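Me: I would like to go through the side-chain contacts and the strands of this chain. Please keep the answers brief.

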Amino acid sequence: MAAAKTWVILVLVLSMSLCGKWVRAQVHHVVGEDRGWDPSTDVASWSSGRTFRVGDKIWFAYSAAHGRIAELKTKEEYESCDVSNPIKIYKDGLFNILLDGEGIRYFVSSNSESCKKGLKLPVEVMPQEPLDAPKITTSENAALGLAAGPTPSASAQLSARFVLLVAAGYWQSCMFV
């Protein structure tokens, strides 16, 4: 029974430290996979069906022979391969970009010929996928995971109720922050 209480307290402390906000694993997308950012790679096919979310990273690996990678501001610049006013030019050959906000980001080859042949990538960044919040169990036996056995003392029952009451109050306060 002491082990069950320890696990309940550990789970509650961990849950409270997150303040009810569950985190999702960050996804790393390697553009073009094995071939990388290359004119022979069909980046449009690579990106189709992929979901990019806030918090994910995209990785670019490329040869300087194919030009640098430009991040552009507008769809018009992207469609016309106009790299005259980029947000940023990436020139390291291997880099990653944190997708830190929702919206569409446009990446193109700075080599206009490669860009016009399709070496460009729009990335629509979606919000983080909401995760289901945990359910607070109101059943004392379910919360403590007790098997059939001796009945806990009145003080143990009171302690379990108090822990659940405090946890429920804390969760509620986190939701309205």
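Me: How many salt bridges does the structure hold?
Reply: This is a predicted model. A salt bridge here needs a side-chain nitrogen of Lys or Arg within 4 Å of a carboxyl oxygen of Asp or Glu. The side chains of Arg50 and Glu33 form one of them. The number of salt bridges in the structure is five.

Me: How many residues apart are Arg50 and Glu33, and where do they lie?
Reply: Arg50 sits in the loop between helix H2 (43-47) and strand E2 (52-53). Glu33 sits in the loop between strand E1 (28-30) and H2. The bridge thus links distant parts of the chain, 17 residues apart.

Me: Which strands hold Arg105 and Glu71?
Reply: Arg105 and Glu71 form a salt bridge, with the closest N and O atoms 2.7 Å apart. The two residues are 34 residues apart and belong to distant parts of the chain. Arg105 is in strand E7, and Glu71 is in strand E4 (residues 69-72).

Me: Is Arg105 buried or exposed?
Reply: The cut-off for buried is under 20% relative accessible area. Glu71, the salt-bridge partner, has 5% and is buried. Arg105 has 18% relative accessibility, so Arg105 counts as buried.

Me: Which residues do salt bridges with shared partners join into one network?
Reply: Arg105 bridges to Glu71. Arg105 also meets Asp100, at 4.0 Å from N to O. Asp100 is exposed, with a relative accessible area of 60%. The network is made of Glu71, Asp100 and Arg105.

Me: Which residue in E7 is the bridge partner of Ala70?
Reply: E4 and E7 pair in the antiparallel sense. Four bridges make up this pairing. The bridge partner of Ala70 in E7 is Val108.

Me: How far apart in sequence are the parts tied together by Phe60 and Phe107?
Reply: The two rings form a tilted aromatic pair, 5.3 Å centre to centre, with 50° between the planes. Phe60 lies in strand E3 (residues 57-61), and Phe107 lies in strand E7 (residues 103-109). The pair therefore ties together parts that are 47 residues apart.

Me: What is the relative accessible area of Phe107?
Reply: Phe60, its ring partner, is buried at 0%. Phe107 is buried too. The relative accessible area of Phe107 is 0%.

Me: Which residues form one aromatic cluster?
Reply: Phe60 and Phe107 are paired ring to ring. Both belong to the cluster. The members are Trp37, Phe60, Tyr62, Tyr90, Phe95 and Phe107.

Me: What is the angle between the planes of Trp46 and Phe52?
Reply: Trp46 is buried at 9% relative accessibility. Phe52 is buried at 4%. Their rings form a tilted pair at 6.1 Å centre to centre, and the angle between the planes is 50°.

Me: Over the face of which residue does Lys120 lie?
Reply: Here a charge sits over a ring. Lys120 is 4.9 Å from the ring centre. The ring belongs to Tyr78.

How values were computed. Residues are numbered from 1 along each chain as its sequence is written. This is a predicted model: local features need pLDDT of at least 70, side-chain atom pairs count only at pLDDT 80 or more; totals for chains, interfaces and linings use all residues. Side-chain values use heavy atoms; hydrogens and water are left out. Rings of Phe, Tyr and Trp (its six-membered ring) pair if their centres lie within 6.5 Å; planes under 30 degrees apart count as stacked, over 60 as edge-to-face and the rest as tilted. Buried means under 20% relative accessible area, exposed over 50%, partly exposed in between (1.4 Å probe, protein chains only). A charge sits over a ring if NZ of Lys or CZ of Arg is within 6 Å of the ring centre and within 35 degrees of the ring normal. Two strands pair if DSSP finds at least two bridges between them.
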